[in-house]
Amino acid sequence: MTGAQAMVKALECEGASLVFGYPGAAICPFFDALALEGLQLILVRQEQNAAHAASGYARVTGAPGVCAVTSGPGATNLITGLATAYMDSIPLIAITGQVRSELIGRDVFQEADITGAAEPFCKHSYLVKDAQELPRIFKEAFYIASTGRPGPVLIDVPVDVQTAQLDFAYPKEAAIRGYRPSARGHALQIKRAAEAVFYAKRPVICAGGGVFASKAQQELAGFAEKCAIPVVTTMMGIGALPTCHPLHLGMLGTHGRAAANRAIHEADLLVICGARVGDRAMAAPGQIAQRARIIHIDIDPAEIGKNIETEIPIVGDLRLVLRDLAARAQRGDTEEWVRYTTALAANLKAPAQPRPGFIEPRSFIRLLSERMRPDAVLVADVGQNQIWAANNVIMCGGRFLTSGGMGTMGYAIPAALGVISAQPSRQVVAVCGDGSFQMSMMELATIMQQHAPLKVIVMRNDRLGMVCELQKDLYGKRYVATTLDGNPDFIALAAAYGIAGARLCDSARAGEAIGALLEGAGPYLLECAVDPEESSF
């Protein structure tokens, strides 16, 4: 068979049945083989969105998402999507076409050193020089992407390698020298952690995106309940413990809930579970470490101690570590602490009444998530819309997805498209700002081509709202390049693609508008008018 056929066969051996991509001459042999073998190829309208769609696919299935683009600008357009997945530890297989092997390094048409350019944003990368190596490389790539700390793996395949002949034999397992991710936590460290939990009076669990990567939601809840420990989450960890759970305090950090931040700053023990301790989550980790003992559990040893001084480090798969820790740990004297933090969480600030002609975004998000199906997926873009969604979403069985570490505008629609492509019967809603929507609105064409019943909400304030807040607070209200006066009529734009839509300018009619959004059979766009003076908090 040809190299291109071998690439398709390798995907089939790994259980992949869906590829997000954009064609070009250097990837044509692979795309042709995809069509001949019957694997589904979803055409996105911009290469970056292929990676975002594969990310959404991976986050709800747990399997690596696959994207494929051509050489040169096709490959370089993919980089932001790879960086987004890398920062949030999402397993991807990115396949790029490349110019003929003998032309590499000669600056020929649409040549780019993509393995070099993408090196900071990939867990590993391959430039394939021999078609016979394709089965081994694909086996390794899937193994690397999905084990240890997940992440994107890039496979760059010259067009002559795709057309070369080979004898296909797919390896049963990957054998990579020096790559042995730890799974079981160290028994002595788990014993020390259990003792620290028992003696703590004010313990807090901080749950991050690693809970989802290791499928440890049940283990997290079991540990928290057995030891009566309140739980805060990072933005990537929202939903790791249901937001309706009595021990849930909300998202912490710069844009988080007051109750979550207060609990962190008063804690005498902090158990960090699969979180990086980024600057938006903990602005002053050194001060927290001075007041509290720190237990940090992570599959990646490089993350432990990087941003916060750690007393008890545990390297291992979070699901297995939490299971072992819960089996050994005993509940300490935390009853008064739980009552105190529960009262903090219940003390929610009532949203202000909006000015006429605008909606109140926080109550809108709460009502939206109440009306969504229990297993629905809400995908938030980046900006004020992200903060309103993160702090007010009710997630008691579904998933909340967003771009965390990279903060990539334009993520929501292609990621939501990836989710609904993986699980067509699932209810999926994308929440965007009018700025972020315009970074990926071309994917409305993909939605229609795929007959995807995706629901899109555009929070319109004719501003790049988050940057406006910064300019207001730090730059003397000098609003530079943040007004969006050239915004189109989004309802008319959706209609041009054949998508129904409506505009909401009154919170009193939010229930009616949400009903129309969620109850229709096809795709739908709801534009919500938001006061330009509305803040994230």
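Which residue in S12 is the bridge partner of His296? Keep that in mind while you get your bearings; what you have open is a predicted model.

**Stop one: the sheet.** Select the strands in the order S9-S8-S7-S10-S11-S12, and you'll have an open sheet of 6 strands with parallel pairing. Now look at the edges: strand S9 (248-251) and strand S12 (312-315) each have a single partner strand, so one side of each is left without a neighbour in the sheet.

**Stop two: the S11 and S12 pair.** Pick strand S11, residues 293-298, together with S12; the two run parallel and are joined by 4 bridges. Zoom in on His296 and there's your reply: its bridge partner in S12 is Pro313.

**Stop four: under cover.** Jump to helix H18, residues 412-422, where 10 of the 11 residues are buried. Click through the buried ones, among them Ile413, Leu417, Val419 and Ile420. Pro414, Gly418 and Ser421 are buried in H18 too.

**Last stop: out on the surface.** Select Leu470, Leu474 and Tyr475: they form a nonpolar surface patch with about 330 Å² of accessible area together. Leu474 sits in helix H21, residues 465-474. Is Leu474 buried or exposed? With a relative accessible area of 61%, Leu474 is exposed.

How values were computed: Residues numbered from 1 in each chain as written. Predicted model: local features only at pLDDT ≥ 70, side-chain atom pairs only at ≥ 80, totals over all residues. Heavy atoms only, no water. Patch = residues over 30% accessible without salt bridge, like charges linked within 9 Å, V, L, I, M, F, W, Y side chains within 5 Å. Areas by Shrake-Rupley, 256 points an atom, 1.4 Å probe, with all protein chains shown as cover. Salt bridge = Lys/Arg side-chain N within 4 Å of Asp/Glu carboxyl O. Buried < 20%, exposed > 50% of the residue type's maximum accessible area, 1.4 Å probe, protein only. Pairing = 2+ DSSP bridges.
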